[in-house]
Every structure is written in C-alpha cells, then in structure tokens.
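This report describes selected local features of one protein model. Please look at the sequence and the structure first.

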Amino acid sequence: GALREGYEHFDPRAYLRNNYLPPRADFSSEEFVVPWKLRCLAETFASGEIRGRTLIDVGSGPTIYQLLSACDHFEEIVATDYLAVNREELGRWARGEPGAFDWSPFIQHVCKIEGRGEPWQDKERRLRQRLRRILPIDVHRPEPLGAPLRPRADALLSAFCLEAVSPDRASFQRALAHVGTLLRPGGHAVLLGALGESFYLAGPARLPVVPLQESDVREALAAAGFALRELRSYAMPPALRTGVDDVDGVFFAHAQK
C-alpha cells in the first residue's frame, strides 16, 4: 500500500541530511537529539552486560551511528535493511569508498563520551571490520530474514525502524515479535524510536509512521515476550522541529528476552 509506495521513493541522502546534519546532529550540547541518542547507547553498552558473538541491527537504514558503542562488545555485527539503496549506502561506508556519508563527527563524539581516550580512527576501523554482513530484511514476515539466523543473535538493536514501517500499533507489535525470533532467549534488545510521529520526509518520499506513546512501547515489548529493563524518553525541542517530520520525541528502551 502507501507504505511500500513511499519507500520506493526513499532517498537515503535526503534522510541523512534531514536527521544527521545540524541542527539535529549538533554535538555542542547534550540538549540536541543526536547526542542524547548516542549517550543512551554509550551508557547502556558501558555496563558490559550486553555482549556476545553476534549483534543484529534491524532496519539499519543508511546509518551506522547506532552501532558505535555496541561494536566493542561483539565479534560480528549484522546490519539489515529492506531497501537496496540503504544497503548500498552502508556498503559504501563499510568499504571506505569516496562519497560515503561522513560519520567521523559521530565517531569522535562517541569516543569522547566513552572516555577511554581511544583514537576515533581505531573505533571506525573496528566497526568496519566487524560489520561483516548487510542483509535484506522484512520485519512483517514471521521469518524476517527469510531463514533463521544461526546461531541466534546475542543482542538485537533497532533504531527508528519498526514504527516507521507499521501502519498501526498491532502491526508494530507483530513486527517486534517477528524480529524477537532472531534473538536467543536471555538476549538483550535495545530500541530507539519515535514518539508521537505520524510522518517523515526523505526526498520525494513522505513516509507514514504509527504514532506511539511510551505505554505502547511497554505493551509491545511485554506482548513480544520481553522484560523491560529501562525506558527513557526525550522531548523534541522547538528548534529541532524542522518540518521534516512531526515527531514529538524519542524513546530509548533496553529489554531482555
């Protein structure tokens, strides 16, 4: 329907401009949304509790910022996306090709907040090395990858995917249950997503989003067999309401299967 049609026109570059350049990606203050997201991830992975062989990132889109704190704790990272254009964008970055989006300000910021004094180039190299697979995925299928992930992932990460591809809350809940099957029992799930958002723009594409409240996130996690460990939220300040979407805020959830 409208969903699939919108994604046919999805422009990764426009999406990156709208969300991952200033004003949203401004590292001068923690008040901005991108530093808030990076801090949630850094603090959650700093505990050292979420670790293992494989982390799967569901609906990576054209972005890698969500993997920067995670990559130190896993041998392999599996990125996934429904759209070939996004998988290609990720591949360009992973191979270090000219013309790929410049994630270095994000990598530098994450190294700074993690406070280990690591040269940012080392983290960049490590993520490229560990990002071994970039796979097609469809979260609306009971087998999202078309075949089971063997062995199952030790952790699952998903940022701004499920609510943006689900027409309603029931569909969001089902999609979460489907991707939950990729995770081993006891495995951790880390989710970032939009609150109160009904659409976003990515070039000529206008994509519908299911507007979620915190309570919807709690219910969906419980229904999909997850125990909630932590839920935080961020209110989008007026200066960052730039018209590229109507998002009210962002949620961050850490749960365990």
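G59 sits in the loop between β1 and β2, where strands are DSSP runs of E with at least two residues and helices are runs of H or I with at least four, numbered from the N terminus. The model is predicted: local features need pLDDT of at least 70, side-chain atom pairs count only at pLDDT 80 or more, and totals for chains, interfaces and linings use all residues. Residues are numbered from 1 along each chain as its sequence is written, and side-chain values use heavy atoms, with hydrogens and water left out.

With a relative accessible area of 11%, G59 is buried; buried means under 20%, exposed over 50% and partly exposed in between, with a 1.4 Å probe and protein chains only. Leaving aside residues up to four places away in sequence, G59 touches T80, D81, I137, A159 and C161, a contact being heavy atoms within 4.5 Å.

V139 belongs to the loop between β3 and β4 and is buried at 4% relative accessible area. Its contacts, counted with the same exclusion of residues up to four places away, include V58, C161 and H178.

The whole structure holds 13 aromatic pairs, meaning Phe, Tyr or Trp rings (for Trp the six-membered ring) with centres within 6.5 Å; planes under 30 degrees apart are stacked, over 60 edge-to-face and the rest tilted. The centres of Y65 and W103 are 6.2 Å apart with planes at 35°, so this pair is tilted. Y65 lies in the loop between β1 and β2 and W103 in the loop between α4 and α5, so the pair ties together parts 38 residues apart in sequence. Both Y65 and W103 are buried.

The criterion is NZ of Lys or CZ of Arg within 6 Å of the ring centre and within 35 degrees of the ring normal.

| Arginine | Ring | Distance from ring centre |
|---|---|---|
| R128 | W93 | 4.4 Å |
| R206 | F199 | 3.9 Å |
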